Amino acid sequence: MKFISIISLLMLCQFSLAQAPNLTNWKIDTLPMGDLIYKANQSENDWLFVQSGDTWEIVNNPYSIQKGDSLPFSKKFIYKKFKLFKGKKIVKKTSDGYLIGFKNGEFDGSLYFMDLKRRGVYEIEKELTINNFFEFQSRIYAIEGLYFGKIIEIFKDNGFWKTQTVSNLYDIPKLIADHNNEKLIVGNQYIFKLGKDLKTIEILKSPFYWGMLYPSSILIDNEDLYLSMRKGVLKIKKFDTQPTYEWFTPK
């Protein structure tokens with residue numbers, strides 16, 4: 001039951017609250033720069049922030065083949081009915097069905113829509129690697145990319161869901177969080193801000209390539225930002241103005 005609860009909170013943890021993680025049993029360590037990044041990449045520990053009551057705990061990441069909202073059918077029925085849905089997927093419920101992003105291997109990604117009224121599925125667009133869906137200003141968007149990143153809007157036109165590019169990024173967006181009525185987007189090495197005008201600006205560039213450590217969740221506590229990832233937790237003080245970095249590993 002605890003494992004299931006962690007899985008269900010996986011997507012929630014990617015959207016920030018004004019909280020800091022519980023670092024009671026963690027110590028400040030050397031930043032994983034230079035050759036240390038390769039050692040950190042080989043760590044068996046992948047960390048994730050999970051809320052427990054009023055506290056954000058740091059737990060081992062229970063990787064799931066599906067993230068986001070739950071689909072209303074069994075895996076067996078879905079595969080038998082639609083002949084697809086193999087590989088990793090991320091799901092976003094809409095008023096009339098489900099948007100589903102697929103990752104089937106390193107080079108194969110696509111975006112589908114499951115129509116509950118017609119009990120059918122159609123492909124919205126090929127060659128899309130959806131990393132997360134999010135809502136902003138009453139519209140649906142996604143951060144997308146495998147080699148080149150972008151933000152796309154997903155909208156209905158004449159009864160069918162379509163996409164359009166909102167902003168191109170020079171990093172691959174992995175996580176997204178709410179902050180001061182805007183969005184923060186975490187890439188492999190950069191953090192961007194998405195404003196109400198749908199324009200993105202760079203906030204910072206990390207002193208090391210944290211994409212090698214697979215950031216999994218984000219928390220924001222006033223001026224400080226925390227990222228959970230392989231090997232440890234990165235704290236960025238005053239991330240929006242004068243960022244400084246602290247690296248935490250278990251005691």
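In the predicted model, Phe136 is in contact with Tyr141, Asn181, Glu182, Lys183, Leu194, Gly195, Lys196 and Leu198, leaving aside its neighbours within four places in sequence. Phe136 belongs to strand β9, which covers residues 130–136. Because its relative accessibility is 6% and the cut-off for a buried residue is under 20%, Phe136 counts as buried.

An open sheet is formed by 5 strands in the order β1-β20-β19-β18-β17, with antiparallel pairing. The edges of this sheet are β1 (26–29) and β17; each has a single partner strand, so one side of each is left without a neighbour in the sheet. On average, neighbouring strands are turned by 25° against each other, direction ignored. Within the sheet, the antiparallel strands β19 and β20 are joined by 5 bridges, and Lys235 stands opposite Glu246 of β20.

In soluble globular proteins, nonpolar side chains tend to be buried together. The largest nonpolar core in the model has 23 residues, and Trp210, Leu225, Leu234 and Ile236 have the most contacts inside it. Elements that give two or more residues to this core include α2 (36–41), β18 (224–228), β19 (233–237) and β20 (244–250). Another core, of 14 residues, lies apart from it and has Leu99, Leu111, Ala142 and Ile152 among its members. Not counting residues up to four places away in sequence, Leu234 touches Leu31, Phe208, Trp210, Leu225, Tyr226, Leu227, Met229, Tyr245, Glu246 and Trp247.

Technical notes: Residues numbered from 1 in each chain as written. Predicted model: local features only at pLDDT ≥ 70, side-chain atom pairs only at ≥ 80, totals over all residues. Heavy atoms only, no water. Core = buried A, V, L, I, M, F, W, Y, C linked by side-chain atoms within 4.5 Å. Buried < 20%, exposed > 50% of the residue type's maximum accessible area, 1.4 Å probe, protein only. Helix = DSSP H or I, 4+ residues; strand = E, 2+ residues; numbered from the N terminus. Contact = heavy atoms within 4.5 Å. Pairing = 2+ DSSP bridges. Axes fitted to C-alpha atoms, helices over the stretch in contact; angles between N-to-C directions.
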